[in-house]
Protein chains: 2
Amino acid sequence: MQQQDNNQTKMVGKQSILFLKPPCILSAASIAGKKEGEGPLGSLFDMIEEDPLAGKKTWEEAESELMKRAAQKALEKSGLASMDIRYLIGGDLLGQLIATSFGIGELEIPMLGIYGACSTMGEAITIGSILVEGGFADRVMAITSSHFAGAEKQFRFPLDYGNQRPYSASWTVTGSGAVIIGDQSLTPKDNQAQIVIKGVTIGKIVDYGLKDSMNMGAAMAPAAFETIKQNFEDLGVEPSYYDKIITGDLGYVGKNILIDLLKEKNYDISGNHMDCGIEIFDKDNQDTHAGGSGCGCSAITLAGYILKQLREGTWKRVLFIPTGALLSQVSFNEGNSVPGIAHAVILERS
Amino acid sequence: MQQQDNNQTKMVGKQSILFLKPPCILSAASIAGKKEGEGPLGSLFDMIEEDPLAGKKTWEEAESELMKRAAQKALEKSGLASMDIRYLIGGDLLGQLIATSFGIGELEIPMLGIYGACSTMGEAITIGSILVEGGFADRVMAITSSHFAGAEKQFRFPLDYGNQRPYSASWTVTGSGAVIIGDQSLTPKDNQAQIVIKGVTIGKIVDYGLKDSMNMGAAMAPAAFETIKQNFEDLGVEPSYYDKIITGDLGYVGKNILIDLLKEKNYDISGNHMDCGIEIFDKDNQDTHAGGSGCGCSAITLAGYILKQLREGTWKRVLFIPTGALLSQVSFNEGNSVPGIAHAVILERS
């Protein structure tokens, strides 16, 4: 890997940042829906909510409730109170981020709302790490959520229509994941191995002209490709630098496209690539077609599974790349393409 | 004002940041619609687009086009190319930020998408300044937009319905404003007085339970109040510390509420308060009721008017507080309240 130069700049290559004092993940929490709880990762989530409405009256309120519980659980696991979190960075898939606005308001933490479709957890951790490492905050929370029924209503059809889904369609994950990031000196309470955020690569909007909202994996794969390639170039590393290269929700269709695009540039990630959308559901028994998706997909896979593997030392260094499809009901109805974006976060066991 | 302590922390009080090396505004650009061009600030905008569709087929594409032109103008005025901008921080009012996603994609600048309703320009400058001051980027662009027809379609009714608007309703500004922020060493090309971003106060979600989407000034005033009060407390200053305290789009209704709320806390801002939504239209002759609103409102007032007053020395120090109403069509239809949020930026002539 390239060394940072004498000026100790954090700016590396064209799009990447390497932190001089990598911030640390103080705690993480996840809440998942019933279907996610029945999937291969089910036992790893902190909480499973069996009721799709989470005791509320609407899908949107249900999603807000999941987000609130994930935030509270992350606080509880870290032994912190909401007043200990200086800023919260959060977002969701719904228009005008209403799951977030109504979910975390009562925590009374100053908030930066963000939107990157399903890449939002990557963006939240990026901004959160920057706030901590730059000395702008001691502790921050990065949080995202998604809800199957809310997302179908938002982007496609209300569930009651019973419309059929093509095999290229993904299944929006119901769940919320939260991560508390702090200065390395703020050691986790339980003295487990520290996981630090070593750096990030902030992605560009990438538009290959695809127009199918039922094939988001294909729409997002080029964005994942560009960000991963740029990360390798900026840092001067090969795929083997990472134990795992983990995309957010490309699913089965997008995974193959990503691997092929990188192969054309002589990067072979076929041996160490993983996709949260593929891991979260059982393809054969859960009828989720291309795999899971949504801001919550990569967030709960990170909080429940990826961080656990790092803590236990199964993996030492991971490139985590949540991927987003930048469409809306309006842009789709007006015949626009579906641009993608992906932000990469380098996680390392210290 | 309180001095920063010996540890040179940037964290001040509960929610504020004071930069040790305040970043500088390298250039700013604005594009406005026909109505805004006919308003009191019309002559100050860089460009006026007379065609509400800006030569495009849909309101959303028109807004994207305005954003692209504002970005290009800001680059042109600074003598920079898009590759000189390390990161772009941008957002708009539309669901899933589609004006932004389709507006600035072709600039190929790595992007962080954000959503804070009409407070978005405050959030964009906040994150942009943090990136620059923390050494994560040399130059960034903060950009937002809004479009009257797109916003009416998104939040209320399509224009063709010809629905009547109550006097408490605001008029969404058609326009886009962009600001390029850089390290102070990157002196503006024309050697004008430097304007620096001295600090920021990141706001909380504030919900007083108001439910009227046609009275957003009243919904946002409490958020502006909380952020301004916190800024005073965190910095240990009185309202007179600022030559102007400029809110985003409270309009006539919200302005009075804000002044009253602050008076109850013994802060009198009646002498130096200004609201972009009030300044941008001529109340008597433009039939805009409570005033202008939208992400574009504070953005073009900043780029066209506020920065000019600072450059010319009319004002030396300004607190700029774009204000956002966190509602969506869905949250409104489901009978939810309209929470508000406001982020404050301290601008100073060096």
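Predicted model: local features only at pLDDT ≥ 70, side-chain atom pairs only at ≥ 80, totals over all residues.
User: What is the bridge partner of Ile197(B) in S17(B)?
Analyst: Strand S10 (residues 195–201) of chain B is also joined to S17(B), by six bridges in the antiparallel sense. Five of the six residues of S17(B) (residues 344–349) are buried, so this strand is largely enclosed by the rest of the structure; buried means under 20% relative accessible area, exposed over 50% and partly exposed in between, for a 1.4 Å probe and protein chains only. The bridge partner of Ile197(B) in S17(B) is Leu347(B).

User: How many residues of strand S9 of chain B are buried?
Analyst: Strand S3 (residues 24–33) of chain B pairs with S9(B) in the antiparallel sense over eight bridges, with Ala29(B) placed as the partner of Ala178(B). Strand S7 (residues 139–146) of chain B is likewise antiparallel to S9(B) and joined to it by eight bridges, and here Ala142(B) has Val179(B) as its partner. Both faces of S9(B) are covered, with Gly175(B), Gly177(B), Val179(B) and Ile181(B) buried on one side and Ser176(B), Ala178(B), Ile180(B) and Gly182(B) buried on the other. For S9(B) (residues 175–182), the number of buried residues is therefore eight of the eight.

User: What is the relative accessible area of Ser293(B)?
Analyst: Ser293(B) is found in strand S13 (residues 292–293) of chain B. Not counting residues up to four places away in sequence, Ser293(B) touches Ser146(B), Ser170(B), Trp171(B), Thr172(B), Val173(B), Met216(B) and Asp249(B), a contact being heavy atoms within 4.5 Å. Ser293(B) counts as buried, and its relative accessible area is 1%.

User: Is Gln286(B) buried or exposed?
Analyst: Gln286(B) lies in helix H9 (residues 283–286) of chain B, and, leaving aside residues up to four places away in sequence, Gln286(B) touches Lys35(B), Glu38(B), Gly39(B), Pro40(B), Ile280(B) and Phe281(B). With a relative accessibility of 8%, Gln286(B) counts as buried.

User: How far apart are the closest N and O atoms of Arg69(B) and Glu65(B)?
Analyst: Side chains of opposite charge can pair when their charged atoms come close, and a salt bridge is counted when a side-chain nitrogen of Lys or Arg is within 4 Å of a carboxyl oxygen of Asp or Glu. Arg69(B) and Glu65(B) are four residues apart in helix H2 (residues 59–78) of chain B, which means that about one helical turn separates them. Arg69(B) is partly exposed at 22% relative accessible area, whereas Glu65(B) is buried at 12%. The closest N and O atoms of their salt bridge are apart by 2.9 Å.

User: At what N to O distance do the side chains of Glu233(B) and Lys229(B) meet?
Analyst: Glu233(B) and Lys229(B) both belong to helix H6 (residues 216–235) of chain B, where they lie four residues apart, about one turn of the helix. Glu233(B) is partly exposed at 40% relative accessibility, whereas Lys229(B) is buried at 12%. Their side chains meet in a salt bridge with an N to O distance of 3.8 Å.

User: Which residue of chain B meets Lys153(A) in a salt bridge?
Analyst: Across the interface of chain A and chain B, the rule finds two salt bridges. In one joining the two chains, at 3.0 Å from N to O, the side chain of Lys153(A) meets that of Glu334(B).

User: How much area do chain A and chain B bury between them?
Analyst: The contact takes 61 residues from chain A and 62 residues from chain B. Buried area is the accessible area (1.4 Å probe) that two parts lose on being put together, summed over both. With 64% of it on carbon and sulfur atoms, the area that chain A and chain B bury between them is about 4,800 Å².

Technical notes. Residues numbered from 1 in each chain as written. Chains lettered and ligands numbered in written order. Heavy atoms only, no water. Helix = DSSP H or I, 4+ residues; strand = E, 2+ residues; numbered from the N terminus. Pairing = 2+ DSSP bridges.
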